[in-house]
Amino acid sequence: MTPPFGTFPLVRPALDVGEELAAPVARALEKWADTEAARSVLYVDTDPDKADTAVFCAAYDVPPELSANCVVVAAKRGGDVTLAACLVLATTRLDVNQAVRKHLGARKASFAPMDTAVDATGMEYGGITPVGLPADWPLLIDAAVVAAPHVLVGSGRRRGKLILPGTALARLPEAEVLQGLAG
């Protein structure tokens with residue numbers, strides 16, 4: 001099997017490698033109502049010590065503009081805290097203080113603490129992915145991610161990544177595609 005970009009030692013359909021994925025990711029792929037989108041997801045095996053974006057892109061010949069980062073944000077209004085996930089291309093920066101805060105109707109928004117993100121998602125830090133997030137979370141996706149023919153995201157673990165069409169990401173549960181989420 002050949003991926004649409006990059007050089008990886010092992011490429012397989014993600015639905016065939018549930019044991020390599022974080023449990024919430026494997027469950028989400030199996031239960032995704034959009035079976036065509038679920039079948040389009042590839043799993044690529046990678047070294048967990050090379051999971052950080054810049055190192056990863058160099059090691060596996062991945063164009064940074066086809067790599068996306070999933071960031072967990074805590075939005076606060078009064079005493080209420082809402083967790084949300086945001087997906088932006090690695091070559092851009094998430095606009096937490098304006099775009100995210102305003103969209104979520106929060107008084108303040110910031111990156112969620114690492115322990116909070118890991119505990120709430122059931123995924124490893126450095127591997128958090130938009131596939132398999134808690135069902136009640138908003139998933140905000142920058143329009144540039146959806147416009148990409150294929151995008152690389154985490155697998156829920158530091159080892160391995162997922163590659164899928166940008167348009168498939170827009171079909172994830174709770175996904176909202178926004179212009180200007182990142183700059």
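This report describes the strands, helices and nonpolar cores of a predicted model.

Local features are given where pLDDT is at least 70 and side-chain atom pairs where it is 80 or more, while totals for chains, interfaces and linings use all residues. Residues are numbered from 1 along each chain as its sequence is written, and side-chain values use heavy atoms, with hydrogens and water left out.

**Sheet and strand pairs**

Helices (H or I, at least four residues) and strands (E, at least two) are DSSP runs numbered from the N terminus. Two strands count as paired if DSSP finds at least two bridges between them.

Strand β3 (residues 68-77) has antiparallel partners in β4 and β5. Of its 10 residues, 7 are buried, where buried means under 20% relative accessible area, exposed over 50% and partly exposed in between (1.4 Å probe, protein chains only). The hairpin of β3 and β4 has 2 residues between the strands, and Gly78 there takes a positive phi near 65°.

| Strand pair | Bridges | Facing residues |
|---|---|---|
| β3 and β4 (residues 80-89) | 10 bridges | Asn69 and Val88 |
| β3 and β5 (residues 108-111) | 4 bridges | Val73 and Phe111 |
| β1 and β2 (residues 42-44) | 3 bridges | Val11 and Val44 |

**Cores**

A nonpolar core is a set of buried Ala, Val, Leu, Ile, Met, Phe, Trp, Tyr and Cys residues joined through side-chain atoms within 4.5 Å. The largest one holds 51 residues, and Phe8 and Leu162 touch the most other members. Contact means heavy atoms within 4.5 Å. Leaving aside residues up to four places away in sequence, Phe8 touches several residues, including Val44, Phe56, Tyr60 and Leu152. Another core, of 12 residues, lies apart from it and includes Val71, Leu94, Leu181 and Ala182.

**Helices**

In helix α1 (residues 23-31), the buried residues are Pro24, Val25, Ala26 and Leu29. These pack against α2 (35-39), α5 (114-121) and β8 (161-164).

At the start of helix α4 (residues 96-103), a side-chain oxygen of Asp95 comes to within 3.1 Å of the backbone nitrogen of Gln98. After α4 comes Gly105, with a positive phi near 65°.

Methods
Polar contact = N/O pair within 3.5 Å; in protein donor to acceptor, adjacent residues only side chain to side chain.
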